[in-house]
Amino acid sequence: MTRVSELSTTEYLLSGNRACAGCGLGIGLRAITKALDGKMVLVNPASCLTVLGGMYPISSLDVPWINVAFPSTASSAAGVRAGLRAMRREGEMTVLAMAGDGGTADIGMQALSGAAERDDDFIYVCYDNEAYMNTGTQRSGSTPAGARTTTTWTGKRENPKDVPAIMEAHGIGYIASTNAAFPTDVYDKVLKARDRRGLRYIHMNTPCPSGWSFDPKDTVKLGRLAVDTGVVVLYEIEDGVFRLTGRSASLAKSGKPLVPVAEYLAAQGRFRGVSDETAAEIQSWVDARWAGYGARHTPVG
Amino acid sequence: MTTRLMTGNDAAATAVKLARAQVIAAYPITPQSPVVEQLSRWVEEGELPAEFVAVESEHSALSVCIGASTVGARAFTATSANGLAYMTEQIWWAAGARLPIVMCVVNRAMAAPWNVLNDQQDSMSVRDAGWVQLYCRDDQEILDTTAQAFRVAERINVPVMVCYDGFLLSHTMMPVDVPSPAEVDAFLPPRTAPLQIVEVSDPRNVGPVTPADPREDADGALQPGYMELRAMHNASLLQALEVVPAVDAEWSEAVGRSWGGLVGEYLLDDAEIVLVAAGSLVTQLTLVAETLRAEGVRAGALGIRCYRPFPADALRDRLASRALALVYDKALSYGNEGPICGDLKAALYSMDGEPAVYGAICGLGGRDVTLEHLAQAARDALSDLEAGVAHRAPVWIDLAEGSMR
């Protein structure tokens, strides 16, 4: 596993960008662009990332970037890749499609499914801040149960879609789940994805201070708590082989119980007022997933 | 040059092959499907060195073209009716992003209710999206116009729709002269560099959020705001009024066949009544003009080949001092009138020698339009004109009112 001290000091995400204070996306994007060493073209729909990029004619990211329509991330990326190939330019850059959870789990799902079925040759990163944060925190298919949003005022009733599982059902070669609070985990997964062909899917949870309602200084703390409680699990599925990675692998190996989900809920304003019953339901949902991942885990070697 | 018997869809596919399209994306829909079936076969058999992306929807078909065209590839797709409507967001995107994509629209009626047959409601409903729209009269014009469309699009960095009537042309065989690859290569050079730069060594953010007002870039140079970019787009689109005829003339030089550029005309010189339409109706109207002349009416036909940009000057020039222009629309701006009729009225408004302009709606959902229907509509229009009717509501041709409850 790469250490932070081993990361390149070249920065592609420039200072003064328009991300909110404490935005988890900025941390993750920094690691992603370093892993690709800037040799990439970003394909990005309307999302917080668009806002982070800034307004014409000034950009905060020192890599080629193509803005595309909301439902079209994966299909536009497939077109970019096909165009580069038709022009014998595919060796110049990795095509990196990157959309939020609404742009992936909801409006972008059809195009993503098509690209996965065709095994189109690009990396797709869903950065999951668990709601439509760019438009003012409306619920998405990836919003967790219990979370209050501006369209679920008393807390969302349903559990989130498991997008990596949907992608696994397409039979693609590389799927990973990561969290922006663990930049080296993000980095290593993008590095691995970079050297594979076909559609590679990375689901990156990104804590969001404004949407989740926590102090911006606590972004990394929240990301770590998400992993320590098992709400977010770090793993990868390589050619069908499932493996826990990083902190999730250590937690599984230790055999100790996870931190109670209640601590994670209490740390965020969006879960304020969640009933004990809902909290218990969330805990059992997390426990069942954790047990499932543990049963599938194939230790290295 | 060889002459072959082929359908309109074959003619379109043949032109795309001759144009050496590099990326083709498509989703099946009747009556367009044979275009991309043929192209996919050529790609699979190695006859056409292109990337063929079989997408899961029309939205994605145009999205693939948008991605490919952004990085400089020559991209093509084709669709009809609801497929076109499903693409609508991307139709606007392709134009605003200034991508020279060529798309064949095989004209078909819009649902609901379901109907797979011809009218022109589909392409007419996206006439305002900033594309060039060209309409074809027969299969030969489909081949020639599709090849020309790439040249037009790439010269002004505006996408082009080549529209032709479903089944009436798409599935009807006609003798078509097919130019040789060498002839087309001489006419159509490889695409020049795209407007937008996608290079690792020169990173740019293509199509980001753009403020309404102009704004200085990092070097202090003032860059256009959203409104200026829209005005620049419109100015480029209007250039098609020169570029479409110029490209048609170059095609004529290369393969020896011209379509007249913006409009096509027949027996117009001394015509008092001019029959106006777009698409295969124009071929019918040439015969109707002959019929009316045999009855002693000085009639002519005027076909709109380039509908967007609207050739207002050419139409004013052709229609000044006529008594009547009768427009046959295979579409309707619901609650108003036929789209071509409304545009023509606006173009002729208050000019010297302004003719009366009447509209007729015909052929919706594949309703058979006979020469006699068209001729009778012209005779009725002449009676109304003689009766002094200045403004007339659109007439629906062959409407069985007894069946309407």
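## Aromatic side chains in chains A and B

A:Tyr264 is buried, at 2% relative accessibility (buried means under 20% relative accessible area, exposed over 50%, partly exposed in between, with a 1.4 Å probe and protein chains only). A quick word on the ground rules: this is a predicted model, where local features need pLDDT of at least 70 and side-chain atom pairs count only at pLDDT 80 or more, while totals for chains, interfaces and linings use all residues. Residues are numbered from 1 along each chain as its sequence is written, chains are lettered from A and ligands numbered from 1 in the order in which they are written, and side-chain values use heavy atoms, with hydrogens and water left out.

Now for the ring pairs. Rings of Phe, Tyr and Trp (its six-membered ring) pair if their centres lie within 6.5 Å; planes under 30 degrees apart count as stacked, over 60 as edge-to-face and the rest as tilted. Over all chains, that rule gives 11 aromatic pairs. Take A:Tyr264 and A:Phe271: their ring centres are 6.3 Å apart with planes at 50°, so this pair is tilted. A:Phe271 is buried too, with a relative accessible area of 5%. Over in chain B, the rings of B:Tyr135 and B:Tyr307 have centres 6.1 Å apart and planes at 80°, so they pair edge-to-face. B:Tyr135 belongs to strand 6 (residues 132-135) of chain B and B:Tyr307 to strand 15 (residues 306-308) of chain B, so the pair ties together parts 172 residues apart in sequence. Strands (E, at least two residues) are DSSP runs, numbered from the N terminus.

Here is how buried some of these tyrosines are:

| Residue | Relative accessible area |
|---|---|
| B:Tyr135 | 1% |
| B:Tyr307 | 0% |
| B:Tyr358 | 0% |

Back in chain A, A:Tyr235, A:Phe242 and A:Tyr293 form one aromatic cluster.

Some rings also have a charge over them, meaning NZ of Lys or CZ of Arg is within 6 Å of the ring centre and within 35 degrees of the ring normal. B:Arg308 puts its charged end over the ring of B:Tyr307, 4.5 Å from the centre. B:Lys17 lies over the face of B:Trp42, at 4.6 Å from the ring centre.

Finally, B:Tyr358, which is found in strand 17 (residues 356-361) of chain B. Leaving aside residues up to four places away in sequence, B:Tyr358 touches (heavy atoms within 4.5 Å) a set of residues including B:Leu324, B:Cys341, B:Asp384 and B:Arg392. B:Val389 is also among them, and its backbone oxygen lies 2.5 Å from a polar atom of the B:Tyr358 side chain.

Terms used:
Helix = DSSP H or I, 4+ residues; strand = E, 2+ residues; numbered from the N terminus. Polar contact = N/O pair within 3.5 Å; in protein donor to acceptor, adjacent residues only side chain to side chain.
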